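Me: I'm new to reading protein models. Could you take one part and walk me through it slowly, in plain words?

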Amino acid sequence: MYLLAVLLTPIAGAVLLGLCGHRAHAGAVNAAMSLLTLIAATLLTAQVIEYGPMLAFDELFFVDSFNVFLVALTAFVGFTTALFSRPYMLIEMHHGRIDARRLRLYHASYQLFMFTMLLALLTNNLGIMWVAMEAATLATVLLVSLYRTPASLEAAWKYFILCGVGIAQALFGTVLMYFAAEQVLGAGGTALLWTHLDAVKSQLEPSVLTLAFVFLLVGYGTKVGLVPLHSWLPDAHAEGPTPVSAVLSGLLLNVALYALVRNKVLADGALGGDLTSHLMMGFGLLSVVVAAFFLSRQQDAKRLFAYSSIEHMGLITFAFGMGGPVATFAALLHMTVHSLAKSAIFFAVGHASQKAGTQMMDSIRGLVDTNPTIGWGLMLGSLAILGMPPFGVFASEFLIITTAMREHPWATPFLLTALGVAFAAIFGRVQPMVFGETTGKRLPHPPAILPVFVHLALVLVLGVYIPPYLAEWYRQAAALIG
Amino acid sequence: MSASLATQLVNLFASLLLLIAFAMLAQRRVLSLIHLFAWQGAVLALNTALVAFVTHQHHLYYSALLTLILKVILLPWILHRLIDKLNVRWDVETLVNIPTTMLIGVGLVIIGFNVAMPISHLSETVTRGTLGIALASVLLSFMMLITRRKAVPQVIGFLAMENGLFFAATSATYGMPLVVELGVALDVLVGTFIFGIFTFHLREAFDSLDIEHIEKLKER
């Protein structure tokens with residue numbers, strides 16, 4: 001069973017790296033385990049392409065067109081980030097920012113984090129999904145504080161408490177969901193299984209589902225980083241090691257949004273869709289606008305791109321809120337390309353700040369002179385995330401905005417202004433970092449450049465050509481989400 | 001046992017739970033907070049066992065046992081060891097305005113009841129009247145989390161919140177499926193462990209467990 005392999009490989013990796021994660025070759029082991037996970041995920045994907053959606057192990061696990069591409073994406077970004085983290089962590093050791101014990105903690109937690117993400121995606125049980133989301137927070141808390149600097153400890157504390165409290169609200173929402181389901185499906189294990197709930201969603205009690213969805217939105221919304229629940233996000237991204245920022249931004253936010261949308265489908269079935277779509281559009285739009293205006297005030301490169309993540313997650317939430325086949329298709333595409341482009345940017349920013357010895361953007365200058373590949377990676381990544389054609393982000397943003405113009409014209413000025421402000425802020429910052437005068441020195445280990453360009457190439461490809469099965473999944477998932 | 005007696009007992013436990021939630025809100029000693037937390041767990045375990053007995057839901061016995069082990073024995077024990085090692089056993093927090101806090105707490109209980117009322121009407125469980133109390137104790141713990149400025153009481157507030165959620169699950173639905181409850185319990189346990197490790201890091205870096213000394217990352 002490939003599904004089992006997808007879940008068990010990271011567990012085995014965590015155990016293995018818990019034993020040998022401090023050795024010099026641990027980075028390679030980490031990458032190898034991530035590669036195995038990716039291979040298993042690819043085989044699982046191939047299986048789904050061939051045979052369609054599947055249920056496994058007494059209906060405990062479930063793969064359909066909505067989560068299959070997220071599983072593949074998670075495993076892929078997990079692997080490339082592991083490739084990136086090998087030289088990155090060696091350089092951090094060289095700079096004396098971490099010791100061998102923390103390297104072991106890092107590697108073991110990294111694999112555990114991958115496991116929790118994949119579990120949250122693959123499980124059919126809404127309760128287990130919650131457990132996995134909470135476990136993902138726990139697996140990353142000690143990673144955010146890996147450097148043990150006062151700022152990183154504060155960031156980790158904020159992350160721990162805010163996400164803990166947030167996710168507790170989601171548990172209450174899940175309890176209410178179970179309560180509503182129990183009235184229709186009867187007590188016992190099946191009442192939390194998504195496939196069963198989906199079959200009876202129109203019979204679920206609307207008043208309970210209203211309350212449940214509000215709690216779930218606040219709960220999972222905290223992890224997605226929706227304004228005003230976002231304050232943990234920039235801190236956690238900026239203070240942790242860069243590979244952690246890359247997987248938080250590229251994967252965790254996606255998976256949290258996935259959990260929210262799965263529940264939205266059920267709430268829509270019972271409520272008809274108005275409430276959920278208004279709430280999600282409201283939170284989404286607020287996140288886009290607020291994050292865009294915070295962008296221009298950032299000094300720290302990783303904080304800048306953390307706010308950009310809030311903006312993009314807001315845009316995706318808004319698109320899911322609008323609903324309809326086109327907007328949902330665009331939201332799913334945007335999830336994919338944002339994840340790829342943002343992690344590529346974090347890889348480039350990570351090496352750039354290692355070179356400069358600081359994350360302050362004013363001190364990072366002239367990357368094209370000292371290390372052209374990092375410089376061009378950062379430049380192209382920024383252009384991609386800002387929605388320049390022909391990158392994939394352009395395609396998805398274009399679809400989102402044209403749908404908004406047609407169906408919710410009042411929202412378009414806000415969206416366009418926010419995107420314009422974001423463009424000015426990010427481009428204005430990145431341009432001198434890449435092309436300015438420099439005094440930088442070389443890195444002690446060769447940086448990992450390949451993942452940056454592989455990601456950007458994929459984003460480019462998705463902007464020009466979407467493989468037919470991927471488009472088909474998006475369409476099927478869009479029909480499912482509505 | 002007759003149904004009305006069972007309902008009365010369930011209501012008694014629920015009110016005890018609410019009382020403990022209020023006591024925690026006003027309690028300034030770290031040590032007493034841990035005791036209160038353990039008592040809350042004990043009431044929760046008793047209540048779950050009672051519901052199991054009345055309704056013949058056998059999986060609830062397991063969850064009562066789980067609650068007993070985790071929330072009455074294991075977590076308080078970890079917390080005790082923690083405050084010993086951190087040397088904050090006799091710490092007293094200065095809480096401003098306990099009367100105001102309590103008044104807001106009363107308001108939260110009213111809100112909790114109002115929100116839960118339409119839902120409890122739908123429920124057919126013997127415990128349905130207590131969903132409001134469950135929501136109220138979640139809100140009270142949330143309030144405690146906000147008003148506290150020290151790391152250990154904040155986490156006790158967090159754990160108390162989980163108690164409230166657990167109670168909500170038992171009162172609305174006779175408990176979540178066992179596999180989910182086990183998962184949640186595992187998360188809570190691991191979370192407490194990580195918190196324990198974390199407090200030492202905080203102390204090392206800041207020489208204090210006061211959150212006010214820690215908050216430096218502000219938006220410029």
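Me: Please look closely at A:Trp157 and A:Phe160: how many residues apart are they in helix H6 of chain A, and what kind of aromatic pair do they form?

Reply: Happy to. They sit 3 residues apart in helix H6 (residues 150-185) of chain A, so about one helical turn separates them. Helices here are DSSP runs of H or I with at least four residues, strands are runs of E with at least two, and both are numbered from the N terminus.

A quick word on the ground rules. This is a predicted model, where local features need pLDDT of at least 70 and side-chain atom pairs count only at pLDDT 80 or more, while totals for chains, interfaces and linings use all residues. Residues are numbered from 1 along each chain as its sequence is written, chains are lettered from A and ligands numbered from 1 in the order in which they are written, and side-chain values use heavy atoms, with hydrogens and water left out.

Now the rings. Searching the whole structure over all chains turns up 19 aromatic pairs. A:Trp157 and A:Phe160 make one that is tilted, with 6.2 Å centre to centre and 50° between the planes. (Rings of Phe, Tyr and Trp, using its six-membered ring, pair if their centres lie within 6.5 Å; planes under 30 degrees apart are stacked, over 60 edge-to-face, and the rest tilted.)

Are these two buried or exposed? A:Trp157 counts as buried because its relative accessibility is 5%, and A:Phe160 is buried too, at 6%. (Buried means under 20% relative accessible area, exposed over 50%, and partly exposed in between, with a 1.4 Å probe and protein chains only.)

A:Phe172 and A:Phe215 are both buried.

Ring pairs link A:Trp157 and A:Phe160 with B:Phe158, B:Phe195 and B:Phe198 into a cluster.

In chain A, the charged end of A:Arg97 sits over the ring of A:Tyr147, 3.9 Å from its centre. Over in chain B, B:Lys71 has its charged end over the ring of B:Phe166, 4.4 Å from the centre. (Sitting over a ring means NZ of Lys or CZ of Arg is within 6 Å of the ring centre and within 35 degrees of the ring normal.)
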